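Good morning. I will go through a few local features of one model, so please have the sequence and the structure open.

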Amino acid sequence: MRFGILPAVAAVLLLLTWLLLRGFAVDGQPIDTAMQLLDEIELAEAAMRRDLLSARVGLLRDYDPLVRAEGQVEAAITRLRELATPAHVERLETWRVRQQALVEASKSANALLQNSLAQFGRLTARLSAPSGSGVPLAGAGRLGSAMLHLTLDTSAPVLEEVRRGLAYMGQKAATGSEVEPAAALLAHGWLLHDLLPRADGLLRDLFANASGPAREMIATELQARRNAQEAVARRYRLLLYASALLLLGGLLLLGVRLRAKSLAMQRHLAFEHMLARLSARLIGTSQGDSEASLGQALEEIARRLGAQRAYLLIAGKASRAHLWAEDGKAPTPGWREAAIAVAARYSPSAAGTLSLPPQHPGLRDMPGRPYACFAVVRRLEGNITALLGCDLTRPGRVPSEEELGSLGLALDAVLNLVTRSCLEAERMRLAAQEAQSRQMQVLGTFASGIAHNFNNIIGAIMGFAEMAQAEPSGARIGDIRRAAERARDLTSDILTFGGQQPKPQGEVDVRSLLAETATLVRAMLPAEVRLVVDPPREVTMVLGDATRLQQVIVNLCRNAAQAMGGGGEITIEVEARILHAKLALRLGELRPDHYLLIHVLDTGPGMDEPTLGRIFEPFFTTRPAGHGLGLATVREIVLAHGGGIAVQSAPAQGSRFEVWLPRAIAAEAARRELPRGEGGLVLLLHDDDRLPHEEELLAALGYEPRGFRAAAAALEALRGAPHRFEAALLPEGTPELARAIRRAAPGLPVILAGVPQMADVHCISWPLRAEELAATLHRSLARSTRPTGQSRSAVASPASGVGLPR
């Protein structure tokens with residue numbers, strides 16, 4: 001309990017601390033920073049306007065202050081992106097881009113304007129008062145006055161006055177002596193006529209493009225955020241105050257409850273101690289003293305609970321009734337049946353507590369109409385009901401829930417005593433019945449096995465016979481004969497039923513096996529079930545017995561057809577697989593080697609996980625007419641072949657059985673067109689488990705293998721006769737031995753299994769594959785420059801003690 005309270009106290013303290021921090025920690029720094037940035041933007045905007053006005057009247061020749069002001073605005077807006085709403089900042093950014101474009105246009109216009117004004121003034125002075133004996137150009141002074149007026153007022157009347165002056169000057173300049181100065185004056189005049197209104201228009205647009213609305217919107221948002229933070233802080237302070245009041249009230253309530261809980265626990269512990277003593281005493285009670293012990297137990301239970309009556313009722317095959325009453329009065333007739341009926345009505349569960357407090361309607365049906373009734377009910381197997389009850393015949397203390405919960409332990413203790421003799425008799429009866437059932441099961445197993453396996457073959461024979469009747473040529477007679485031979489082989493298996501499966505010997509061509517099995521299966525399958533067989537494309541062989549392997553495929557297909565019921569499709573596929581590490585399947589564990597997978601797929605209803613866990617158990621079946629030996633037989637055959645089985649299935653998704661069988665690599669290599677050796681001696685190092693397989697593969701490829709289990713023995717044989725070996729084949733993880741062999745026999749081709757580890761050796765995958773090993777040996781021997789070894793007849797004699805005998 002301590003460990004439950006401490007986390008709660010820590011959680012409350014953390015909650016109060018968090019409320020305190022949230023109530024008094026208002027982070028106004030980001031808002032203050034944002035407001036300061038808005039002020040900087042406003043000041044920079046005013047500075048830009050001032051500088052542009054100065055540039056317009058010619059008082060500002062350096063635009064560096066404008067550039068600095070623009071940089072200040074851009075930097076402020078960049079920082080505002082982290083502090084204000086992006087939409088509002090984007091509006092301010094739009095204003096900045098527009099402002100920057102207007103400033104750049106004003107700078108360009110002002111630069112050109114000041115230059116033209118200077119040239120216009122110089123030319124006006126020259127033409128109005130020429131030096132020497134020159135004649136002043138008529139209208140030059142009046143044009144200069146009009147242009148000066150235009151620099152101050154770009155209204156339409158002033159523009160019209162300048163246009164008239166320029167037109168007049170154009171007429172006089174054509175007849176005067178100062179043609180070039182007059183032409184230059186006219187050019188600058190017309191330029192100023194266009195520039196002055198445009199420059200003033202840019203200034204008006206710039207002043208109209210104010211940042212005030214955007215800044216006001218951001219400032220309003222920031223103030224609203226500040227107000228929201230203050231409101232949240234006030235709410236947290238109120239929550240902190242309310243939490244403190246609730247905590248104080250909770251502590252007071254907890255103290256009161258703890259006090260009551262302590263008293264109840266004291267009573268409960270006393271009741272538990274009484275039950276422990278009672279259980280210990282009843283366990284050692286003999287059968288002759290059971291009646292007296294039960295009476296004492298009921299009395300102790302009643303007095304501990306403050307009841308005036310206690311009783312034990314067992315209704316069923318072995319009905320019993322035991323009653324203890326404080327007043328010693330005998331019960332009224334029918335009290336046992338009445339008590340059981342009330343228990344069934346108010347405690348319907350298999351194991352529950354019956355609680356009828358004072359004024360409960362059910363008390364009227366109880367014998368003697370007690371003041372209150374409390375009991376625990378057990379409904380046992382065999383429609384047996386056990387009830388241990390206590391009645392209060394007068395007002396008194398009502399038992400606590402803990403005491404009522406412990407009443408079940410008391411019932412268990414007294415039931416143990418009551419049922420001990422019954423259970424002993426039942427045990428003897430069941431033992432005799434089990435012995436008889438075991439004998440019958442053995443007979444049934446034997447008969448079921450014979451019927452199940454012969455049904456497959458008889459079905460095939462009947463199917464072939466029907467086909468033979470339809471084909472007068474007698475083409476199916478051979479199939480019938482082969483099915484009968486399978487029956488003969490199956491009879492041999494039945495004779496050794498229950499014995500250990502012998503290890504299969506021989507090599508089986510998978511393509512021929514599937515072709516023969518497909519004919520057999522199609523004859524026994526219902527017409528609505530379709531069989532699809534996908535044989536291997538190349539020569540593929542496995543180690544084993546063809547009859548037993550055919551039985552595996554037949555049983556899998558038959559089970560699939562029976563599972564589909566109304567029809568479907570069964571598919572048989574073949575796949576070659578190489579394992580580089582151990583693999584645990586649903587059935588069996590495989591070591592690294594070459595394997596062939598036979599997949600049997602069906603479109604049936606599939607199986608759930610509990611069913612998958614038991615499908616290989618003998619006699620387990622989900623069909624009323626099944627015997628449960630089909631997959632059990634498959635299990636024994638596959639395991640005897642050194643293989644395994646994987647199963648994938650789900651309800652409504654069909655089933656997929658994968659049968660893993662070791663491949664006969666040497667036999668496959670003997671049938672294929674592979675590069676072959678000429679009897680050369682190959683040094684081979686490996687462990688005991690891999691010895692026969694790898695030596696057989698080398699022999700099938702036309703080489704003489706010389707196997708060693710120890711690296712020291714291999715090096716000793718190589719040093720004694722370094723030119724007798726044509727190559728060395730080493731397993732993975734032996735690079736040091738490869739270097740030692742190269743030092744002992746330079747130029748000897750060394751083939752190392754596994755990933756490349758050395759630059760001067762040939763690497764090959766492990767487990768060995770016939771094609772890769774044949775190509776690697778052929779290639780390495782073709783490149784070798786060392787003398788060839790002796791013939792096969794010159795292999796070391798057994799006296800050397802180095803090689804492993806075959």
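**A helix pair, a sheet and a loop**

Leu66, Val67, Glu70, Val73, Glu74, Ile77 and Leu80 in H3 meet Val89, Leu92, Glu93, Trp95, Arg96, Gln100, Val103, Glu104 and Lys107 in H4; contact means heavy atoms within 4.5 Å. These residues divide into nine nonpolar, one polar and six charged. Nonpolar covers Ala, Val, Leu, Ile, Met, Phe, Trp, Tyr, Cys and Pro, charged covers Asp, Glu, Lys and Arg, and polar covers the others, Gly among them.

This is a predicted model, where local features need pLDDT of at least 70, side-chain atom pairs count only at pLDDT 80 or more, and totals for chains, interfaces and linings use all residues. Residues are numbered from 1 along each chain as its sequence is written, and side-chain values use heavy atoms, leaving out hydrogens and water.

Helices (H or I, at least four residues) and strands (E, at least two) are DSSP runs, numbered from the N terminus. H3 spans residues 64–80 and H4 residues 86–128; they pack at about 170°, with axes 10 Å apart. Axes are lines fitted to C-alpha atoms, for helices over the stretch in contact, and angles run from 0 to 180 degrees between N-to-C directions. H3 and H4 are therefore roughly antiparallel, the term for angles over 145 degrees.

Next, the sheet. Five strands form an open, mixed sheet in the order S7-S9-S12-S14-S13; two strands pair if DSSP finds at least two bridges between them. S7 and S13 are the edge strands.

Last, the loop between S13 and S14 holds Ala652. Ala652 has a positive phi of about 70°, although it is not a glycine.

Key. Angles under 35 degrees count as roughly parallel, over 145 as roughly antiparallel, 65 to 115 as roughly perpendicular and the rest as oblique.
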